[in-house]
Amino acid sequence: MTYEHNLTEIAWKALEDSIIYYCDRPVGTVAARDPSVEALNYDQCFIRDFVPSALVFLFNGQTEIVRHFLIQTLKLQIKEKQLDFLEPGRGLMPASFKVTHENEEQYLKADFGDHAIGRVTPVDSCLWWLFLLRTYVKATEEYSFAHTPECQKGIRLIMELCLAARFDMYPTLLVPDGACMIDRRMGINGHTLEIQSLFYAALRAAKELLLDNQENAKINQAVKNRLEPLVYHVRQHYWLDIERLNVIYRYKSEEYGEKALNQFNIYSDSIPYTQLSEWLPEDGGYLAGNLGPSQLDCRFFTLGNLVAILSSLTSEKQSQALMNVIESRWDDLIGYMPMKICFPALKDRDWQMITGCDPKNRPWSYHNGGNWPVLLWLLTAAALKTDREEIARKAIHIAANRLLKDEWAEYYDGKNGRLVGREARKYQTWTIAGFLLAQELINHPKYLTLISFA
């Protein structure tokens, strides 16, 4: 038996051991099963975390757990309008849930961020749920499930939540800091890239799944109206390459009116030109991490960029340029474990001010420049979509040499990802699932059509 085959069998056993049961049916997976530390909320099923596990189960023909997860989490969605600020808004889905027992009865207890560290509201949960629903019906061809009144209402509520009237003029979504995979303070409040990429994927999923009827008419029209402006906005204003950098470098500030070139009043002195001009390859480019009034966050955020490729939020040319950056800056973004969640890390006074002196997010750790193995599946999917399979194979090989030895660590520390994270959980489920999913995609490229958008 080869090492790779043995590793896959071990990973599958670990994934199956993480399954949560509700009323004797599988409903999700725990976040981690590290017996050496207190569970905290790692014994719960996070919607975000479960997605790679769900995709692995789907590709393996184990559809029941995914269907049950979709049904039960839909029941947890807030269905009524709330005027009380202590209650989550209508359409919101929980960050996580757990099975609890009372008087010999089981029920699901949801966490909408009211118990989370930092009390973060999960903006991305409903977007990932819609992404998974689309994949489920494409994999099973069970479109009737998405067309049930319950699912149709759930999709409408998500779209209403995202498309509601708001204090904003951009086609992007305005969200608080920590509302996505980076769920601690990292200076990404505003129009963070990760949410915009997931938002675009959710819009496209809703367009495919919502029935063309009177009840959905307003939402369908609103979705249609939002797609093109969102694509233009992100491709035009978030994109960074050498050509774009030269334009920004010569920006004039304090411009007024519709014809202003510097629409967001970006002050060129706030852009790290020296580092960027040296770091960006001539044929490379990527989407900035955030954009807003006098703000252009030039950090490379991996999840947002990779989902942008998968959803076709980036153009074909931009997608290739993005993969060129990953290939050319391999040591920075991949290193000893695929791959870095954010680059570069915030340091010194920036770290103190922007993260609030968060010791877990110290430079080159956790969200602040840490390496996260779960991102391997998204890297693989993006590489396959851009016909860059060699990037995916090289990354999977690197991960395969370490993950079992390091007991499926949650994240890695250090500028090159060589150290197991100081506070990383072992037997992290989405690390296991991310590796298995990357292998499934490499071995069966046809699965890419289930999770990507043309």
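This is a predicted model: local features need pLDDT of at least 70, side-chain atom pairs count only at pLDDT 80 or more; totals for chains, interfaces and linings use all residues.

**Reading the model**

Author: Tyr427 sits in the loop between β13 (419-420) and α17 (429-443).

Reader: What is the phi of Tyr427?

Author: Phi of Tyr427 is positive, about 50°, although the residue is not a glycine. Tyr427 is partly exposed, with a relative accessible area of 27%.

Reader: Where does Cys23 lie, and what is its phi?

Author: Cys23 belongs to the loop between β1 and β2. Its phi is near 55°, again a positive value in a residue other than glycine. Cys23 has a relative accessible area of 46% and is partly exposed.

Reader: How do I read the pairing of two strands?

Author: Strands of a sheet pair through backbone hydrogen bonds, in either a parallel or an antiparallel sense. Here, strand β1 (residues 19-22) and strand β2 (residues 25-29) are paired antiparallel over four bridges. Within that pair, Ile20 is opposite Gly28 in β2. The two strands make a hairpin with two residues between them, and Cys23 is in the turn.

Reader: In what order do the strands of the open sheet run?

Author: The order is β3-β4-β5, three strands with antiparallel pairing. At the edges are β3 (45-46) and β5 (105-111), each of which pairs on one side only. Strand β4 (residues 96-102) pairs with β5 in the antiparallel sense, over seven bridges. As a point of reference, Thr100 stands opposite Tyr107 in β5.

Reader: What is Met159 in contact with, leaving aside its neighbours within four places in sequence?

Author: Met159 contacts Leu130, Ala202, Leu203, Ala206, Ile219 and Val223.

Reader: How many residues of helix α11 are buried?

Author: Take burial as under 20% relative accessible area. By that cut-off, nine of the nine residues of α11 (residues 302-310) are buried, so the helix is largely enclosed by the rest of the structure. The buried residues run from Thr302, Leu303 and Gly304 through Asn305, Leu306 and Val307 to Ala308, Ile309 and Leu310. After α11 comes Ser312, with a positive phi near 65°.

Reader: And the pockets? How does one find them?

Author: Rolling a probe the size of a water molecule over the atoms shows where empty space is left. In this model the largest pocket holds about 720 Å³ of space. It is lined by 24 residues, and those closest to its centre are Pro272, Asp297, Cys298, Arg299 and Leu346. The elements giving two or more residues to this lining are α10 (273-279), β9 (295-297) and α14 (348-355).

Reader: Which element gives the most to the lining of the largest pocket, and how does the lining divide by class?

Author: Helix α10 gives the most, with four residues. By class, the lining of the largest pocket has twelve nonpolar, six polar and six charged residues.

Reader: What is the volume of the second largest pocket, and what lines it?

Author: The volume of the second largest pocket is about 600 Å³. Its lining has 17 residues, with Leu161, Cys162, Ala164, Arg166 and Leu174 nearest the centre. Helix α6 (residues 149-163) gives the most to this lining, three residues. The lining of the second largest pocket divides into twelve nonpolar, two polar and three charged residues.

Definitions and conventions: Residues are numbered from 1 along each chain as its sequence is written. Side-chain values use heavy atoms; hydrogens and water are left out. Contact means heavy atoms within 4.5 Å. Two strands pair if DSSP finds at least two bridges between them. Buried means under 20% relative accessible area, exposed over 50%, partly exposed in between (1.4 Å probe, protein chains only). On a 1 Å grid over the protein atoms alone, a cavity is a set of points where a 1.4 Å probe fits but cannot get out, and a pocket is an open set with protein on both sides within 12 Å along at least five of seven lines; lining residues have an atom within 4 Å of a point. Grid points are joined across faces, edges and corners, and a volume is the space filled by probe spheres set on the points. Ala, Val, Leu, Ile, Met, Phe, Trp, Tyr, Cys and Pro count as nonpolar, Asp, Glu, Lys and Arg as charged, and the others, Gly among them, as polar.
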